[in-house]
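Good morning, and thank you for coming. I would like to take you through one protein model, beginning with the chain as a whole and ending with a few individual residues.

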Amino acid sequence: MATERHHFELAKGINGLDKIVLRESRGRSAEVYLYGSHVTSWKNENGEELLHLSSKAIFKPPKPIRGGIPLCFPQFSNFGTLESHGFARNRIWEVEANPPPLPLNSCSSAFVDLILRPTEEDLKIWPHNFEFRLRVALGTEGELTLTSRIRNTNSDGKPFTFTFAYHTYFSVSDINEVRVEGLETLDYLDNLKNRERFTEQGDAITFESEVDKIYLSTPTKIAILDHEKKRTFVIRKDGLADAVVWNPWDKKSKTISDLGDEDYKYMLCVEAAAIERPITLKPGEEWKGRLELSAVPSSYSSGQLDPKKVLE
Ligand code: TA6
């Protein structure tokens, strides 16, 4: 029986698409479209949106929704022959009432389980049977957790291999005022330079032009410090070795039809991913990849403690 703690609402979203609304008693919320199992909203107790949704997002299949948290599966970007970022983000998922048990975070205030299985058409482009289960949970501290479980259900004995990403678009006050910590000194593949491998130098990452990098073997915790908002996003991840950092900046934005020209100023993608070492599953095997996002007040200002905050 569903208890109030695990309550979610099914509602109609943009263009009549079905969406799930998760609510927490202090007013925090999250929304997930069944189209793509796509988290489009995550709000804090003041009703502030923490994810960036494109001002020109098109909620119309087969175009994936621009912004929020698109799921890239079974292929990240063009690392393979499928459409960019695979097809999971533009399929209609189902709510699953009784998924195989997943240890429940006792701090979850609301969650929903969703599932995607391939159709006959999907099998023509990617000939593998799978079950992709996603749990989206909103915690009592407002944290948003996405747990993906992908199982090989092939009956022909064949393994399959995939790449994956939670392509999260964070909402930031001003991209020029943001820094990312946790990726310093790591190796990355630069998508703007034919995926050549480089090593990140020195300090935290800041932004002043287009960035599209795949950081390799990253730590399980990464932080985005938003100086102006005095807010830090903390990204915790399991099973996802890599982290993509993307901001299209002004010129590239103009080439993306469903992204507003000015959106790049207010968004930053930091994507927990498995790219460099693709995941291979034999029949019956399951992979799990977990992402936990929290937004906490920050007392950082360019790496320094903010004296005002400390005095408070
Ligand atoms: O994750 C970064 C990236 O792969 C970029 O190269 C950029 O093209 C972006 O994703 C958006 O991809 P999309 O297919 O959603 O337009």
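What percentage of the 312 residues in the protein chain is buried? Buried residues make up 54% of them, where buried means under 20% relative accessible area, exposed over 50%, and partly exposed in between, with a 1.4 Å probe and protein chains only.

A word on conventions. This is a predicted model, in which local features need pLDDT of at least 70 and side-chain atom pairs count only at pLDDT 80 or more, while totals for chains, interfaces and linings use all residues. Residues are numbered from 1 along each chain as its sequence is written, and side-chain values use heavy atoms, with hydrogens and water left out.

Let me turn to the overall form. The protein chain holds 3 helices and 23 strands; these are DSSP runs numbered from the N terminus, helices being H or I of at least four residues and strands E of at least two. The C-alpha trace spans about 60 × 50 × 35 Å along its principal axes. Of the contacts with a separation of 6 or more, 65% are between residues 24 or more positions apart, contact meaning heavy atoms within 4.5 Å.

Next, the interior. In soluble globular proteins, nonpolar side chains tend to be buried together. In this model the largest nonpolar core has 63 residues, and those with the most contacts inside it are Phe132, Leu144, Phe162, Tyr166, Phe207 and Leu268. Strand 20, residues 267-281, provides the largest share of this core, 6 residues. Another core, of 9 residues, lies apart from it and includes Phe76, Leu189, Ile214 and Ala273. A nonpolar core here is a set of buried Ala, Val, Leu, Ile, Met, Phe, Trp, Tyr and Cys residues joined through side-chain atoms within 4.5 Å.

Ala243 sits in strand 19, residues 242-247, and counts as buried because its relative accessibility is 1%. Beyond its neighbours within four places in sequence, Ala243 is in contact with several residues, among them Leu183, Ile214 and Glu271. Thr168, in the loop between strand 10 (160-166) and strand 11 (169-171), is buried with a relative accessible area of 0%. Not counting residues up to four places away in sequence, Thr168 touches residues including Leu51, Leu268, Glu271 and Leu293.

Finally, the backbone. Most residues other than glycine have a negative phi, and most peptide bonds are trans.

As for positive phi, Ser37 has a value of about 50° although it is not a glycine, and Thr185 has one near 65°. Is each of these two residues buried or exposed? Ser37 is buried, with a relative accessible area of 0%, whereas Thr185 is exposed, at 55%.
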